[in-house]
Amino acid sequence: MSSNFSLAPGFHAVVIGGAGDIGAAISNQFCDLGATVTATGANDADLARTLLRPREGLTLATLDVTDDAAVKSFAQQHRRVDALVNCAGILARDKEFEIETFMKVIDVNLTGTFRTCMAFQPRLAETRGSIVNIASMNATLALPRIPAYCASKGGVVMLTKALALKWAEDGIRVNAVAPGYIETAINAAGRTDLAHYQRIADRTAFKRWGQPEDIAGAVAFLCMPASQYATGTVVAVDGGFLAG
């Protein structure tokens with residue numbers, strides 16, 4: 001394999017929200033490529049139900065991305081960080097029209113991403129590392145029941161672009177991946193409506209929903225030398241949903 005499509009020896013990735021379904025797939029992908037990984041969950045309950053299984057090079061930790069002090073302390077515990085992946089996220093269908101819920105979603109999805117980026121910036125500057133933020137198809141295609149989620153993911157896209165411009169001088173690349181409809185716990189209830197499930201599948205080019213593993217490869221690529229000229233970009237991984 002070309003070294004452009006591999007990770008440097010000693011490569012360490014921090015996957016915020018790595019205990020979730022997409023985060024777990026990303027964490028496993030990095031481990032498969034020979035990296036060490038620290039994956040986080042919001043609390044012990046998140047870690048208890050994660051799909052991640054113990055394996056060499058993988059460390060699990062709790063982190064509340066809405067806690068400034070906790071995020072700063074967590075970042076300072078790491079001696080080397082080559083990649084930061086931000087995929088901690090929540091949504092609350094219909095309840096996001098309540099101001100407290102709206103603000104909570106923004107705090108986790110958008111401000112939480114900014115907190116971790118800021119906290120890890122010094123470590124990433126040392127390694128000339130990469131940040132990959134998990135955005136969403138809903139950054140550009142809105143849905144009526146989740147206004148805060150849509151707004152937060154649109155914000156993640158613009159935050160990605162702004163930080164890419166700001167931190168290029170430090171050698172830090174900042175990109176985003178925007179998943180489409182991926183089968184995860186966050187949409188399990190909606191998928192019980194078989195007509196809805198099939199309608200979504202039929203809209204994609206591949207006639208199926210995505211799997212968490214479908215996202216992991218794009219994230220890993222954006223942390224490899226092969227993507228060294230890519231920064232400030234958003235890679236859609238949606239099965240062609242937005243193409244037609």
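**Entry 1: serine 27**

I looked up serine 27 and noted that, apart from residues up to four places away in sequence, serine 27 touches Val15, Gly18, Val37, Ala39 and Leu52, where contact means heavy atoms within 4.5 Å. Serine 27 is found in helix 1, residues 21–32; helices (H or I, at least four residues) and strands (E, at least two) are DSSP runs, numbered from the N terminus. Is serine 27 buried or exposed? I found that serine 27 counts as buried, because its relative accessibility is 1%, and I wrote down the cut-offs: buried is under 20% relative accessible area, exposed is over 50%, and partly exposed lies in between, with a 1.4 Å probe and protein chains only.

**Entry 2: what I am working from**

I have to keep in mind that this is a predicted model, in which local features need pLDDT of at least 70 and side-chain atom pairs count only at pLDDT 80 or more, while totals for chains, interfaces and linings use all residues. Residues are numbered from 1 along each chain as its sequence is written, and side-chain values use heavy atoms, with hydrogens and water left out.

**Entry 3: the whole protein**

I read seven helices and seven strands in the protein, and along the sequence they follow the pattern β-α-β-α-β-α-β-α-β-α-β-α-α-β. The C-alpha atoms fill a box of roughly 50 × 40 × 35 Å, taken along the principal axes. The radius of gyration is 17 Å, which agrees with the value near 18 Å that a compact globule of 244 residues would have; this radius is taken over C-alpha atoms, and the globule rule is 2.2 Å times the number of residues to the power 0.38.

I also noted that buried residues make up 48% of the 244 residues. Of the contacts with a separation of 6 or more, 72% are accounted for by residues 24 or more positions apart. The protein exposes about 11,800 Å², of which carbon and sulfur atoms supply 56%, the areas coming from the Shrake-Rupley method with a 1.4 Å probe; for residues, only the protein chains shown count as cover.

**Entry 4: charges and salt bridges**

I recorded 22 positive and 23 negative side chains, with the centres of the two sets 3 Å apart. Lys and Arg count as positive and Asp and Glu as negative, while His and the chain ends are not counted, and the place of a charge is NZ of Lys, CZ of Arg, CG of Asp or CD of Glu.

How many salt bridges does the structure hold? I have nine on record, a salt bridge being a side-chain nitrogen of Lys or Arg within 4 Å of a carboxyl oxygen of Asp or Glu. Side chains of opposite charge can pair when their charged atoms come close.

One of these joins the side chains of arginine 145 and aspartate 94, at 2.9 Å from N to O. This pair links distant parts of the chain, 51 residues apart, since arginine 145 sits in the loop between strand 5 (130–134) and helix 5 (147–167), and aspartate 94 in the loop between strand 4 (83–86) and helix 4 (99–127). Arginine 145 counts as partly exposed at 45% relative accessibility, and aspartate 94 is partly exposed at 41%.

Glutamate 126 and arginine 123 also meet in a salt bridge, at 3.5 Å from N to O; both lie in helix 4, three residues apart, about one turn of the helix. Glutamate 126 is exposed, with a relative accessible area of 55%, whereas arginine 123 counts as partly exposed at 22%.

**Entry 5: arginine 115**

Leaving aside neighbours within four places in sequence, the contacts of arginine 115 are Val65, Thr66, Asp68, Val71 and Asp107. Arginine 115 is buried, because its relative accessible area is 15%.

**Entry 6: two positive phi values**

Most residues other than glycine have a negative phi, and most peptide bonds are trans. I therefore made a note of arginine 128, in the loop between helix 4 and strand 5, whose phi is near 55°, a positive value; arginine 128 counts as exposed, at 59% relative accessibility. Lysine 207 has a positive phi as well, near 60°, and lies in the loop between helix 6 (194–203) and helix 7 (212–221).
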